[in-house]
Each structure stands twice: as structure tokens, then as C-alpha cells.
Amino acid sequence: MIDFSEEQLERYSRHILLHDVGVEGQEKLLQARVLIVGAGGLGCPIGLYLAAAGVGTIGIVDSDTVDLSNLQRQIAHFTKDIGMSKVESAKEKMLAINPELTVITHQVHLQASNIREIIRGYDFVLDGTDNFPTKFLVNDACVMENIPLSHGGILRFDGQTMTIVPGRSTCYRCTFKAPPPPDAVPTCSQAGVLGAVAGMLGTIQAAEALKYITGVGTLLTDTLLTFNAKTMDFRKIKLHRQANCPICGEKPTITELFDAEQAACDLKCSF
Amino acid sequence: MTKADAVKDCRHVGCPMNMVYAKVALSKLQSGQILELILDDGPPINNVPGSVQKEGHTILEKNRLDDGAWQLLIKKA
């Protein structure tokens, strides 16, 4: 058992007071290793909340640098950070909240050739990527490495998320099969997003990670949670594992990862 | 008087940090062992015993001390 310092007891007091979390739950958080894929609209709130929660080791992957157009929703990046690498900018804010953490930056473009090596050794992965091919790649790699995953996606006023525990619950590919054809992906003019929607969904994903680590509550497994911020309607859709899923089914046909083609208009949106 | 297995003095510790210390002290005990917890009069003694019971533990004794503080004997669930 960890001997918490006085400062730690005070910092984490609101977790320790929770009946379901307690001292044991906080200990699990401090020992956990979590990877955030994308330091954008979703990755920023995820990173800040996981850091504040005391998740002991947090990895963050992004190859991009901070752009002025990111600041409307990517809440860990400040005006002074424009031009800086997103992972370094996010790391700086996470450590400013909680200096006792280890933050590992991966300033790379995730692809079939490097993803398994990067995610290996983490207890939980959060997907905050902005394109379908990478979402499938993250899902497939997590299934192969047997690492639980929170999928998240936002567009305009909408958000959706599901939690995947490989071998036990439905995966992203069970539900969505394959990336949509490039002409079905929204064009630039359709690709706005309300900034706060990123925070709404990112914090739901962060809560799922904290629940998984501490073993509290019921995860969004076999469930797609969707919401629309215009009406504030939230909906849970029951999902089922597909026996013929090419990655997590009985006879997987995807045995090696591959890089799917990006949409023709490569949106520089970084949701 | 019942013999305590551990003592945590929370005099001059306000709510809710006194409850945090109580939980930490209890987490170090085995089920059935007894924690002696000292609490200030006022909000601490009015709030902490209820929270301790909500977590499933049993309050065996509640005694007023000479200095006005309270002694609780808690049996861990």
C-alpha cells in the first residue's frame, strides 16, 4: 500500500471521500498507465482531467503543432503556444496541474507500423483522433494488444463515445465495419464544431478511464452514447458483438494492421 | 473500555479532511479491528460518525473528552 503524503491526501481528498473510490481507488489511479491518442479537442480535456485525477503515467500522441484555429476548443493549448508541438504544450499544462505525474510524449504520426509498439504497456487507451482511418487503426491495434479503449468522436453539435474491452465487449469495427468512403466524409464547410462539445465528450471519456481503472460503476461497453448539444438529447444505443467481426470475431481476417486511405479532403480540423 | 488497534487524532482538523484521515486509518486495519478517532465538537462530531456508518463500519462508543473533543471507537467492516 502506498503511504500517501499529507499533500497527496489533500490533493486527492475528493476522490478518497468517494465510497467507491477511496484510498484503494486513488492508489490504483497513481499506479495506472493511460495513453491519449490525439492532443486536440478531446485529448486536451482528457489529459487535464486525468492529470488532475492523479493517473500516474500518461502518454500522449500527436504529430501536430498548435494552430490559432485550435484554440476555440483545444483547451490545454494557449495563445502563447501557437507553433509549439501539441504534445509538449499539453504536457506542460498537465504537469502544471499535477507535477508528480510522469507524462510521456509521442510526437509521431500513428500508423500501422508503429502503433502496436506505442500502445503496448498501457492499461487503457483513449481515442481523440480526428479521422476515421486512425480510429479504426486504434481500435484494431487495441484489440490485437488486448488493451481497453474509449472511442470518441465529435462533429458540429454531436458527440459519440463507446468503451471497448477487447474479448469481452463489442469493438468499434463490430459496429462501424470500415471507414466511410471519402465522399461521405464532411467537407470543410460542414466541419465546424461547437467548442464546448469537445469538453463534454472528452470529460465523458476521461470518466470512463477513471471508472475502468478504479473498477467503479458500469462502463459504456456494448453501448454507444450519443448526444446532440442543440437539443441536449442524450441517447444510449445497445450494441452487440459480431461473431464475424474481421478483428475481434471468431475467425479474424485482419491479422496484420494496415494504413487505410485518408479522405480526399484531408480536413485540418483536429477534433 | 474497548481497546483500539489504532488511534487517529483529528483535533483541529475540519470537514471533510477529518473523514479523509479516518478512511486512510481504517484502510490500514483488518476487518473487525478498532480505530479510535478523536474529533472536534461541532461539525466534525455531527458529520463524521454518519459518514463512517454509511461506509458500513460500526460505531462502538462515543465519549466526550475533558477538553471538549470527542472520542469515537469504530469497528472496521
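Me: What makes the largest nonpolar core a core, and which residues have the most contacts inside it?
Reply: A nonpolar core is a set of buried Ala, Val, Leu, Ile, Met, Phe, Trp, Tyr and Cys residues joined through C-beta atoms within 7 Å, and buried means that 20 or more other C-beta atoms, placed from the backbone, lie within 10 Å of a residue's own. The largest such set has 63 residues, and those with the most contacts inside it are A:Val34, A:Leu50, A:Ile58, A:Val125, A:Cys142 and A:Ala209. Helix H9 (residues 195–214) of chain A gives the most to this core, with nine residues.
This is a predicted model, in which local features need pLDDT of at least 70, side-chain atom pairs count only at pLDDT 80 or more, and totals for chains, interfaces and linings use all residues. Residues are numbered from 1 along each chain as its sequence is written, while chains are lettered from A and ligands numbered from 1 in the order in which they are written.

Me: Why are H3(A) and H1(B) called roughly perpendicular?
Reply: Helix H3 (residues 22–31) of chain A and helix H1 (residues 17–27) of chain B pack at an angle of about 85°. Angles of 65 to 115 degrees count as roughly perpendicular, so H3(A) is roughly perpendicular to H1(B).

How values were computed: Axes fitted to C-alpha atoms, helices over the stretch in contact; angles between N-to-C directions. Helix = DSSP H or I, 4+ residues; strand = E, 2+ residues; numbered from the N terminus. Parallel < 35°, antiparallel > 145°, perpendicular 65-115°, else oblique. Buried ≥ 20, exposed ≤ 12 C-beta atoms within 10 Å, placed from the backbone.
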